[in-house]
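Opening the notebook on a new model today.

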Amino acid sequence: MRNYVAVVFDDTSKAYEGLHALWQMDDEGAITVHGTTVVHRNDWGEYQVDSKDTHPALATAVGVGVGALLGALAGPAGAAVGAAKGAAIGAASGGAGGAVADLNRADTRDESRYETGWVLGAGQSAVIADVSEDTTFPIDERMRRLGGSVHRRAYGDVRDDKWFGDYPYDYYLYPYEYVPPYSPWWA
Amino acid sequence: MQDTQVRDAVDQVRSATQQLHKAISDAAAKRGGAAKADLEAVPMKAKAAIDSIKSSVATQNAAAKKHLTEAVTFLEATRKHAAEGVKTSGKEFQTAVRQTIADARAAVQQVSEAVAAKRTAGATASAKK
């Protein structure tokens, strides 16, 4: 089965451990990872998404695209980033912070359709992944051991959820393990 | 033995397309001539990935074959947009780079889905034994 997965961690370093573990499970053949990214919410409540240092227009597109995906996964109550209106979140590229979330523009559509609501709290980080998994056990168990909480939505449900912008959500996820150079993972 | 060789072939194609996406997105981070020089190498890398897929596609199951065939289409588009991009500049160049990244991303996605289809088929076959 194909799912979008969000794994929430209290600690940024743990989030990168979670990211690494996902790709490691892919190497082992336990799951297939199609794409990943890491989203952070700082102590002031601003969202940032890991992105390569690139052209500002591309970085903005990544911020908007991942913001929309986050909204689709968490629901307006959870992430406060709307999918339908495509509210922007910052793309943290090359260590420089991007634009911050415009929460006033966040979509407030009916959240009852969401199976699970979750909140990315201030200071937390989430690994967002598009995966194929025969069973949910490998990811759930591995992430639990790292202290992460796993949230899922079926890929088909999210795909049907509108807001594709210029490109589908997949476009904004890295199809390999990408850890930005400023990450504490390298420390 | 043949199964191992086939698995390795698709995994290698996946790795090649991942590297291609990485190269293009790294090129997008550069400015002017440096970005263009990196983009010039893309059509050849895409061609190599296409050739790898074509040499391994025949032995795949139907689902994997479908994804790999679609990956070839996206890799052809990657070649086209990269080749066109090196002839442009300014905003047109940025547009071409963005299209090239999107094509390469879609190609990796298709190969990755082929890997998933192959793994699922393998798991199902093992469960039946």
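Entry 1, the interface. I counted 19 residues of chain B in contact with 16 residues of chain A. I'm keeping in mind that this is a predicted model. Which elements of chain B give two or more residues to the side that touches chain A? I found helix 1 (2–28) and helix 5 (90–128) of chain B. Helix 5 of chain B gives the largest share, 13 residues. Sorting the side of chain B that touches chain A by class, I got seven nonpolar, seven polar and five charged residues.

I looked up His67(B) next and found it in helix 4 (residues 62–85) of chain B. Is His67(B) buried or exposed? His67(B) has 22 other C-beta atoms within 10 Å, so I put it down as buried, the cut-off being 20 or more. Setting aside neighbours within four places in sequence, I listed its contacts as Gln110(B), Val111(B), Glu113(B), Ala114(B) and Ala117(B).

The largest nonpolar core has 76 residues. Which of them touch the most other members? My list reads Val7(A), Val39(A), Leu69(A), Leu73(A), Ala126(A), Val127(A) and Ile128(A). I followed up on Leu73(A): beyond four places in sequence, Leu73(A) is in contact with Tyr4(A), Ala6(A), Ile128(A), His151(A), Arg153(A) and Val158(A).

Methods. Residues are numbered from 1 along each chain as its sequence is written. Chains are lettered from A and ligands numbered from 1 in the order in which they are written. This is a predicted model: local features need pLDDT of at least 70, side-chain atom pairs count only at pLDDT 80 or more; totals for chains, interfaces and linings use all residues. Two residues are in contact if their C-beta atoms, placed from the backbone, lie within 7 Å. Helices (H or I, at least four residues) and strands (E, at least two) are DSSP runs, numbered from the N terminus. Ala, Val, Leu, Ile, Met, Phe, Trp, Tyr, Cys and Pro count as nonpolar, Asp, Glu, Lys and Arg as charged, and the others, Gly among them, as polar. A residue is buried if 20 or more other C-beta atoms lie within 10 Å of its own, exposed if 12 or fewer, and partly exposed in between; C-beta atoms are placed from the backbone. A nonpolar core is a set of buried Ala, Val, Leu, Ile, Met, Phe, Trp, Tyr and Cys residues joined through C-beta atoms within 7 Å.
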